[in-house]
Amino acid sequence: MQTEILAMFVNVVFDLPINQRFTYDVPESIVDAVQPGVRVLVPFGPRKTTGYVVELVDKPPQDVELKAIADVLDTRPLITDEIMRLCEWISSYYLCGLGEVLRTALPAGLTLERKRVVQLVKMPDSVTMARMRKRAPVQFQVMKLLQKNKKIRADVLQKKTGSSGILHSLLRLQEGGYIRITEKMEGGFSLEQHIRYLKFAPDADKHRERVSPRATKMLAILEALEKKGGSGRVQEILRQARAPSSSLKRLIELGVVETYERHVERDYYGDLIVPPAPEFVLTAEQKAALEPILPSIEGEPDKPFLIHGVTGSGKTQVYIEAVRATLKRGRDAIILVPEIALTPQMVRRFRSVFQQEVAVLHSRMSNGERYDAWLKIRNGRARVVVGPRSAIFAPVQNLGLVVVDEEHESSYKQTDNAPRYHARDVAIVRARLAGATAILGSATPSMESYYNVRIGKYRLIEMTRRIDDIPMPKVMLVNMVKEKRKDRDESSGVLSDMLAKKIDEKLERQEQVIILQNRRGYASVVQCGECGHVEMCPNCNISMSYHLRGLRMRCHYCNESQKAPDLCPQCGSVAIRYRGVGTQKVERLFEERFPKARIVRMDLDTTRGRKSHDRILQDFAEYKYDILIGTQMVAKGLDFPRVTLVGVISADTGLYLPDFRASERTFQLLTQVAGRAGRKDAQGEVIIQTYSPDHICLQCAREHDFKRFFYHEMHERRSLQYPPFGRLALIQFRHENERTTLEAAMLFAGLLKKLDGEYSLLGPSPSPLTRLQNQYRFQIILKNNRTKDPAASKMRAAIDQATKEYKKVTRISRVRMSIDIDPLVIL
């Protein structure tokens, strides 16, 4: 039998914007612990840093003096083989560093700097100690040191043992139950939370007589402990006994009680108690939708499914039944939702069926909560994962189903930092890698997804009726040009006669109303009525928005904040005007116009706090409010039986942005928010206020006519080779100096023009938002020829090659360059 030879070299990547692998030597003492997916501490330049092992290497590169790994940070891989392959695909497709992707795939707490404290749990027996002394001398030294001092910092142990790979030895001792490693992260949170508990000592009765009858506080502690059944949290026992910790310390010294620690799992939705869902009778359309899905789950998945179902058609129940079938097969499921605001409702729906098998991952959770949820999923104790885009990296053990709800939403695309991935597309790839079924769902599918149905890449499932055949809401367009002419008061451009009248009717019937205005703040422009001066952000080429709170102006791009002026800084006039309409202005006008109505606002300013989304939506669901005013977060996926009217203050907010997707996004937003009305018994009504009532987007939204809008949009895009008929790449350059930024963009454009990538090059030109956060912005747009380069692989290869050449020849190192493949926003 041939003995397996362990690799002595590994390739490591770092969380850096470079797609390069570095080879390291593996010391013999830790060779059995090094495997793909673990983190290692390695020398990198003048310092030691954390890297990710991505592969074992048989032969090192020639003529290179290799450095050795200093330590192994994990006892088992954090990155599974499936997720490693997914991350490699993301790195290759989106042209970013593999280390950047791996960092995104892990909970934030694991990538923070930490301080470790080692505490003795028990000493090994003499036989084990003798074996350690011979085979694991570092572990032996650690135990001898801890025998003298019960608690020692890991860095102190490293110095005293003289071992560079101390953590690997400590992790092995922890696995054996001899020590416990407590980790404090940046910000003071512990990677794992332990709570101190109190219980009676084994010989408590024998030692209890040593407690003096006059020691009232000590006796109170014992009484409180007895009421708790002999075990309870230390802090709780002390609080109930109204006793100091010194009394507890004396009881421990007397041998009456002892403390121990228990690991506590942090759960963001731990206080959410959801009763089991009643048995649900599927509609004929829901049964028909499941007919092709269930064989895919039970057999070999073929194509992804696109469920095109009108709002209120019961798509979520189809997802639930698909998850139920997946779990029966012994496999796991991931459910993606576009907004954190949607997560509470989705969690309630899924927990009502699958109870504690549901785990949640999203950015509003603390680092500790995310880590515990991630660990629960990784250990197989949660088999259904719900969350926004980052949940696609959930470490489920046997993925069988991926659902992307509201697949058209732009929030699935990460735009700010690398990796700039689209979670919908990554979900399709992960499902393919895992042999899992993929379901996309939407009432307003993206142009790309519906086009994929047309060319046979996706399989279409249509759901054209609402549950119980409830009619679609009646949509009415109000021409605000005519409303302006009435010139009644300040509200004439905000609240039409028709919308005001309808709101009065709904309030009288004790029904609820949702109002959409997709712009936060009070006013988008602060302008002098005399000279026309507009207050601009000093860091960005954009006007400051006015906010009522603190009477301040704020830039929504860099968060610059200034006190609103009383006088015009240009001419000294007092005629300061607040132009444009934000949610705060709508709220104030509604409070004046409907003084008896209970009004709540939901936007970024009111949902910064912990669980603020949940509280607002739950209170509205419990009829504590009559009117919900909000930005686009109130438009998606919410289901409130009392809502019979939806009002859109301005449908034109995003319609005329310099972006070819502006019309599509507006149609989707209007159709989605219209779907919030009349989801139960009463006929829903929708009033959309607009200055462009004849626009095709608004006409199709009024008729709920997705197909007409799709074919019109396809005709417009085909001639310009915009997606889905071509693929785009956006390359942006940012720097404080305008000339320097342009020079860098020109240099990169010149490199691209020399390469044959089957694309057309637009630019470099100033970005539509030419200056943000005190940096000038220039951009290059590449548009590929889909006929000659269907997957845009030649275009991406050209960008990758040009990037490598650019880094070699450029002297403009401080110019920041970003690459966005398949951008959704080109502003």
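Which residues of β13 point one way, and which the other way? I found that Asp-332, Ile-334 and Leu-336 point one way from β13 and that Ala-333 and Ile-335 point the other way, all of them buried, where buried means under 20% relative accessible area, exposed over 50% and partly exposed in between, with a 1.4 Å probe and protein chains only.

**Basis of the entries.** I note that this is a predicted model, in which local features need pLDDT of at least 70, side-chain atom pairs count only at pLDDT 80 or more, and totals for chains, interfaces and linings use all residues. Residues are numbered from 1 along each chain as its sequence is written, and side-chain values use heavy atoms, with hydrogens and water left out.

**Confidence.** I looked up pLDDT, the predictor's confidence in each residue from 0 to 100, and its mean for the protein is 88, with 96% of the residues at 70 or more. Over residues 1–5 the pLDDT is below 50, and this stretch has zero contacts in the model beyond near neighbours in sequence, a contact being heavy atoms within 4.5 Å. I keep in mind that where pLDDT is low, the predicted coordinates should not be read in detail.

**Strand β13.** Helices (H or I, at least four residues) and strands (E, at least two) are DSSP runs, numbered from the N terminus. I saw that β13 covers residues 332–336 and that five of its five residues are buried. Two strands pair if DSSP finds at least two bridges between them; β13 runs parallel to β16 (residues 399–405), joined by five bridges, and Leu-336 has Val-404 of β16 as its bridge partner. Four bridges join β13 to β15 (residues 384–387), also in parallel, and there Ile-335 stands opposite Val-386.

**The six-stranded sheet.** I then followed an open sheet with parallel pairing and the order β19-β29-β28-β20-β27-β26. Its edges are β19 (474–479) and β26 (599–602), each with a single partner strand, so one side of each is left without a neighbour in the sheet. Neighbouring strands are turned by 15° against each other on average, direction ignored. Between β26 and β27 (residues 627–630) I found four bridges, and Ile-599 has Ile-627 of β27 as its bridge partner. Helix α20 (residues 612–621) packs on this sheet, touching β20, β26, β27 and β28, and its direction makes about 145° with that of β26; such angles run from 0 to 180 degrees between N-to-C directions, and axes are lines fitted to C-alpha atoms, for helices over the stretch in contact.

**The three-stranded sheet.** Another open sheet has the order β10-β9-β11 with antiparallel pairing. β10 (231–233) and β11 (257–264) stand at its edges, each with a single partner strand, so one side of each is left without a neighbour in the sheet. I noted that Tyr-197 stands opposite Arg-233 in β10. Helix α8 (residues 216–227) lies across β9, β10 and β11 at about 105° to β9, and helix α9 (residues 234–241) lies across these strands at about 90° to β10.

**Two helices.** The axes of α16 (residues 447–454) and α23 (residues 706–720) come within 11 Å and cross at roughly 95°. The two are therefore roughly perpendicular to each other, given that angles of 65 to 115 degrees count as such, under 35 as roughly parallel, over 145 as roughly antiparallel and the rest as oblique. Among the residues making the contact I listed Tyr-450 and Tyr-451 of α16 and Phe-709 and Phe-710 of α23.
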